[in-house]
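Me: I have a model open and want to learn how to read its features. Can we go through them one by one?

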Amino acid sequence: MIKDLHTQLIEKKITVRELVDKSLKTIKEKDSDIHALLGLYTDEFLNSQIDAAQKMIDSGTATEMTGIPVVIKDNICVSGQVASAGSKMLDGYVSPYDAHVISELKRSGAVLIGRSNMDEFAMGSSTENSAYGATKNPLDMTRVPGGSSGGSAAVVAYDGVPVSLGTDTGGSIRQPASFCGLVGLKPTYGSVSRYGAMAMGSSLDQIGPFGKTVEDVEILYKTIATSDTRDATSLLDTERNTKKTLYSAPLKKKIGVPKKFIEQEGVDAEVKKNFYDTLENLKNKGFEIVDIDLPMVEMSLAAYYIIMPAEVSSNMGRYDGVRYGMRVEGESMNEGLTKSRSMGLGDEVQRRILLGTYVLSSGYYDAYYNKACALREILKIEFKKVFEIVDVIATPTSPIAPWKFGEKSDPLAMYLADIFTVPANIVGVPAISVPSGLDSKNLPIGFQMMGSWGSEENLFTIAKMI
Amino acid sequence: MKFTQEALDNLAVLSRLSLKNEDKEKLVEQMDSIIGYIGEINSLDLEAVGVPDKIHINVFKTDTVTTVSSPEHTKSIIQNSKDVLGDYVKVSQVIKQ
């Protein structure tokens with residue numbers, strides 16, 4: 001899709017303005033029902049980007065991304081534009097700077113259109129936790145689009161833009177991609193700089209792309225995956241080159257399947273059938289399917305719901321109503337701070353702050369947080385061993401198809417839907433979700449592949465065969 | 001061990017959150033079920049599987065300050081505060097007389 005649009009732009013069959021106008025027209029028609037966007041960027045900003053992109057095309061300096069409209073998740077900062085992270089806490093917040101990924105997109109000549117709806121501060125799996133109302137799934141309006149990057153998925157699904165950016169802390173790109181029939185990538189931890197992305201779980205967060213094809217996701221990923229000194233975890237160029245060399249070796253043509261993990265209770269029968277059918281299809285394309293054992297992987301979800309809230313409780317400390325965000329006055333500094341946070345932050349955010357405070361509190365720290373961190377190291381070793389044998393580890397992306405609004409009102413039930421996506425964040429490996437068909441209700445199902453650290457190229461290669 | 005409302009009230013103070021009385025009962029229930037779930041991690045015998053000694057490393061390199069402060073930079077940063085006096089952000093009194 002991007003390549004086609006690029007050709008049309010270069011051959012002057014279409015101008016950047018026409019392409020952007022087409023995008024804006026679709027958004028205008030569809031978004032009042034779907035509510036994928038929280039707002040468009042200012043006209044002045046849009047016009048300057050359109051002019052800059054057209055100049056790049058006219059002068060022969062265009063990249064594949066030049067002139068391509070992109071939607072950005074509302075927790076990624078764009079200089080001079082509003083970014084609210086789907087929260088009342090940051091209602092009307094105007095970012096004074098560009099995130100690293102935004103600088104890279106601007107450099108590529110991409111046209112940033114607007115900001116997408118999300119679960120508040122990326123905490124949720126359905127986009128129902130947005131303080132500005134839920135986003136609907138364009139494939140079935142009675143169902144959730146997944147989350148937390150539900151808006152970024154929905155806008156691509158209804159053809160508002162060809163690609164978008166989301167963030168993924170425990171599945172927030174892959175699960176909505178699966179729910180909306182798209183491709184979504186969570187890159188290797190350290191691959192994409194998080195400078196300018198509002199932190200949720202800092203040892204887990206990654207920014208990544210959504211698209212309709214693996215090729216589009218690959219193009220956007222390569223545009224943003226560059227080294228940045230402003231994120232202490234960003235991989236250096238030398239480290240990237242070492243990894244590139246490591247994975248330029250031919251594929252082993254082996255796909256690992258953790259059967260026990262997939263056969264656990266709560267995984268929908270149709271999801272499982274679709275998963276095994278997809279494996280069969282890959283087998284027919286010359287891949288060997290290998291049964292693998294990841295003894296501790298079932299514990300990753302418990303570890304995730306310890307590590308993530310711990311980091312949330314720390315990261316959310318910055319929302320004090322003083323320097324930015326909602327401010328409610330109180331008799332004292334402390335009272336004002338408490339009031340601002342209580343009124344500005346939604347239920348799920350407050351629940352995770354409380355939970356994080358619990359697991360980090362004296363007396364529980366060793367029992368929960370330290371144990372989860374130790375488990376994380378054990379899981380890394382387990383994954384490393386498996387990746388010596390196979391190219392990728394395959395699972396369904398979500399244990400169930402998209403659910404109806406309000407169906408999962410119990411927080412724990414919602415958390416359990418993240419079972420297959422959290423391991424990649426816990427160990428830091430890249431993972432991609434690819435559409436693999438529909439269930440009997442015509443709801444999309446996603447196939448997830450996790451690769452070894454830095455092996456995005458392998459993921460793209462295999463994903464293109466599905 | 002059952003999660004109690006007293007524990008919830010203590011956490012709220014530490015978290016700088018004031019919870020509504022009508023929400024507390026439900027929240028205690030939810031926290032209890034979540035803590036029950038994550039508590040499964042305690043069934044793990046880490047000694048038996050062998051805990052690696054190198055843990056908790058997240059910073060890949062040292063931070064260096066690269067932003068050069070300028071009046072425009074300061075202005076763009078404090079524009080988001082609700083109460084500003086010149087180049088300063090105003091806050092309520094911290095220490096009482």
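Me: Which backbone nitrogen lies 3.2 Å from a polar atom of the side chain of Ser178(A)?

Reply: First, the ground rules. This is a predicted model: local features need pLDDT of at least 70, side-chain atom pairs count only at pLDDT 80 or more, and totals for chains, interfaces and linings use all residues. Residues are numbered from 1 along each chain as its sequence is written, chains are lettered from A and ligands numbered from 1 in the order in which they are written, and side-chain values use heavy atoms, leaving out hydrogens and water. Now the case: the nitrogen belongs to Gly446(A).

Me: Is Ser178(A) buried or exposed, and why?

Reply: Buried means under 20% relative accessible area, exposed over 50%, partly exposed in between (1.4 Å probe, protein chains only). Ser178(A) has 3% relative accessibility, so it counts as buried.

Me: Which residues does Ser178(A) touch?

Reply: Contact means heavy atoms within 4.5 Å. Leaving out residues up to four places away in sequence, Ser178(A) touches Thr397(A), Ser433(A), Pro444(A), Ile445(A) and Gly446(A).

Me: How many aromatic pairs does the structure hold?

Reply: Rings of Phe, Tyr and Trp (its six-membered ring) pair if their centres lie within 6.5 Å; planes under 30 degrees apart are stacked, over 60 edge-to-face, the rest tilted. Over all chains there are 19 pairs. One of them, Tyr305(A) with Tyr415(A), is stacked, at 4.0 Å centre to centre and 10 degrees between the planes. Tyr305(A) sits in helix α11 and Tyr415(A) in helix α15, 110 residues apart. Helices (H or I, at least four residues) and strands (E, at least two) are DSSP runs, numbered from the N terminus. Both tyrosines are buried.

Me: What kind of pair do Phe387(A) and Trp453(A) form?

Reply: Edge-to-face: 6.3 Å centre to centre, 80 degrees between the planes. Phe387(A) and Trp453(A) are buried.

Me: How do I size up an interface?

Reply: The accessible area lost when the parts come together is often given as the size. Here buried area is what two parts lose on being put together, summed over both (1.4 Å probe). Chain A and chain B bury about 5,000 Å² between them, 67% of it on carbon and sulfur atoms. Arg327(A), Leu354(A) and Lys371(A) supply 13% of the area that chain A buries against chain B, more than any other three residues.

Me: How many salt bridges are there between chain A and chain B?

Reply: A salt bridge is a side-chain nitrogen of Lys or Arg within 4 Å of a carboxyl oxygen of Asp or Glu. The count between chain A and chain B is 0.

Key. A polar contact is a pair of N or O atoms within 3.5 Å; within protein, one must be able to donate a hydrogen and the other to accept it, and residues adjacent in sequence count only if both atoms are side-chain atoms.
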